[in-house]
Amino acid sequence: LVWRCRFFAMFIALLAVVGATSAPRSSTTSAFSRRGVINAVGSFGMASAFAPAAQAGLFGPFPGEQPADLGVRTDGTLKGCGPSPNCWSTSGDSSHRISPFEYSGSKSAAKADLMAVLSAYPQAGVPLDGGVIDGGGNKLVTDEGNYVYMQFTSKKFGFFDDVEFNFLDGGKVAIRSASRQGDSDLGVNAARLKYIGTQLSAKGGWKTALGI
């Protein structure tokens with residue numbers, strides 16, 4: 001009877017996951033969120049019953065598609081955010097806008113600071129509210145001139161987030177951090193940028209208050 005209950009619970013959770021992942025990525029009403037998938041699997045309290053499905057890749061990774069429109073705009077800004085709250089940018093509407101990082105030294109020295117912080121970002125992730133964010137690792141994708149593009153991955157389910165920086169004239173750095181899929185990010189993007197900002201501030205010559 002116990003095993004029948006476990007398999008029934010696994011079947012129901014799988015239906016929830018498949019339904020979420022099959023929803024259109026542009027949909028905000030039926031969005032596939034980190035919280036939704038985690039709750040679908042974890043609410044039954046039977047993690048061991050899901051081991052075969054996890055090994056088969058049914059619970060991730062879910063990298064999504066890399067956005068085709070990332071990168072620097074002609075005026076040096078980065079892409080803004082859509083309506084979902086899983087994105088922060090120094091461009092776009094006020095509900096998702098953050099303040100740029102500011103540095104007092106040379107642009108080359110400031111970029112060296114940022115690259116040092118990013119290269120030291122723990123592959124095992126950083127703490128957040130008793131848990132860990134970015135526990136699936138991170139990867140430098142692009143380092144060209146003033147522009148830097150990183151990818152960060154969650155430990156559970158392998159969600160991908162895209163993070164960009166562009167060094168501007170006047171001692172400022174444009175920033176964007178966004179999840180590829182879903183709606184809620186459980187505060188991950190904001191926490192990541194705050195962590196990076198704290199590490200930069202520790203080096204001296206930086207102002208990294210994001211305004212969030």
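Is D169 buried or exposed in this predicted model? D169 counts as exposed, at 68% relative accessibility.

**Close-up 1. The salt bridge between D169 and K107.** The closest N and O atoms of D169 and K107 are 3.0 Å apart. The pair links distant parts of the chain, with D169 in the loop between β7 (160–168) and β8 (172–179) and K107 in helix α4, 62 residues apart. Whereas D169 is exposed, K107 is partly exposed, with a relative accessibility of 26%. A search of the whole structure finds 6 salt bridges.

**Close-up 2. The salt bridge between D134 and R192.** Here the closest N and O atoms are 2.8 Å apart. D134 is placed in the loop between β4 (131–133) and β5 (137–144) and R192 in helix α5, so the bridge ties together parts that are 58 residues apart in sequence. D134 has a relative accessible area of 3% and is buried; R192 is buried as well, at 0% relative accessibility. Through shared partners, salt bridges join D134, D161 and R192 into one network.

**Close-up 3. The salt bridge between D69 and K79.** The N to O distance between the two side chains is 2.9 Å. D69 and K79 are 10 residues apart, each in the loop between α3 (51–55) and β1 (87–89). D69 is partly exposed, at 36% relative accessibility. K79 is partly exposed too, with a relative accessible area of 22%.

**Close-up 4. The aromatic pair of Y121 and Y195.** The structure contains 7 aromatic pairs. In the pair of Y121 and Y195, the ring centres are 5.2 Å apart and the planes stand at 80°, so the geometry is edge-to-face. Y121 belongs to the loop between α4 (107–119) and β3 (126–128) and Y195 to helix α5 (residues 188–201), so parts that are 74 residues apart in sequence are tied together. Y121 is buried, with a relative accessible area of 2%, whereas Y195 is partly exposed at 25% relative accessibility.

**Close-up 5. The aromatic pair of F157 and F159.** The two rings are tilted, with 6.1 Å from centre to centre and 55° between the planes. Both residues are buried. Elsewhere, F101, Y103, F167 and W206 form one aromatic cluster.

Close-up 6. The C-alpha atoms of G211 and I98 are separated by 5.8 Å, although the two residues are 113 residues apart along the chain.

Definitions and conventions:
Residues numbered from 1 in each chain as written. Predicted model: local features only at pLDDT ≥ 70, side-chain atom pairs only at ≥ 80, totals over all residues. Heavy atoms only, no water. Phe/Tyr/Trp six-rings, centres within 6.5 Å; stacked < 30°, edge-to-face > 60°. Helix = DSSP H or I, 4+ residues; strand = E, 2+ residues; numbered from the N terminus. Buried < 20%, exposed > 50% of the residue type's maximum accessible area, 1.4 Å probe, protein only. Salt bridge = Lys/Arg side-chain N within 4 Å of Asp/Glu carboxyl O.
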